[in-house]
Amino acid sequence: MGYNSCFDIIGPIMVGPSSSHTAGAVWIGRVVYELLGKEPEEVEIQLFDSFAETYQGHGTDKALLGGLLGYDTEDERIKHAYALAEEANLSYDFTFADSCEEFDHPNVAIVHAKADGRSIVVGGASVGGGLSKIFRVNSEKTDFSISTTDDLKKLRESFSEAVGR
């Protein structure tokens, strides 16, 4: 997975304003959703560098929550992600840091999520054009890219043992 065409660089159909701050962030949240098989009940979202500085202005916070709720990048409900997270009883907390020691990129988020007594951790970076790189699933380092055209349901099979499913 990676850049397959010029449309990967232009960016996906999405709720904006930025493919790197919103579309990629939605997909990092969606990875968590897919690995849990449902919406988490509780999350701590660590934002680093540019994500930490611009998260509300660029909608990164709403994008991550939207992804955690299982939305796609073009889903208009992302604009109302805070209210919809509360309706779904999703407890969330954002924390901020200057840089991530695990992955060197300005758009990094590490999501600690819980659902049905299970906990998972996903580290991802939004690298532009709606493309995200996942560098951590729980304590395992990993290295794969996902784009908004990928079928994320296949992730469950790939990481079923790591996430206890």
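Here are a few friendly notes on the strands and salt bridges of this predicted model.

1. Residues are numbered from 1 along each chain as its sequence is written. Local features need pLDDT of at least 70 and side-chain atom pairs pLDDT 80 or more, while totals for chains, interfaces and linings use all residues; side-chain values rest on heavy atoms, without hydrogens or water.

2. Nine of the 11 residues in S4 are buried (buried is under 20% relative accessible area, exposed over 50%, partly exposed in between; 1.4 Å probe, protein chains only).

3. Ala-115 has Arg-118 as its bridge partner, and Ala-125 stands opposite Lys-133.

4. Both hairpins have two residues between their strands: in S3–S4, Asp-116 takes a positive phi near 50°, and in S4–S5, Gly-129 has one of about 65°.

5. Asp-116 also forms a salt bridge with Lys-38, with the closest N and O atoms 3.3 Å apart (a side-chain nitrogen of Lys or Arg within 4 Å of a carboxyl oxygen of Asp or Glu). Asp-116 sits in the S3–S4 loop and Lys-38 in the loop between H2 (19–36) and S1 (42–48), so the pair ties together parts 78 residues apart in sequence.

6. Lys-133 forms a salt bridge with Asp-143 at 2.8 Å. Lys-133 is partly exposed at 22%, whereas Asp-143 is exposed at 57%.

Note on methods
Helix = DSSP H or I, 4+ residues; strand = E, 2+ residues; numbered from the N terminus. Pairing = 2+ DSSP bridges.
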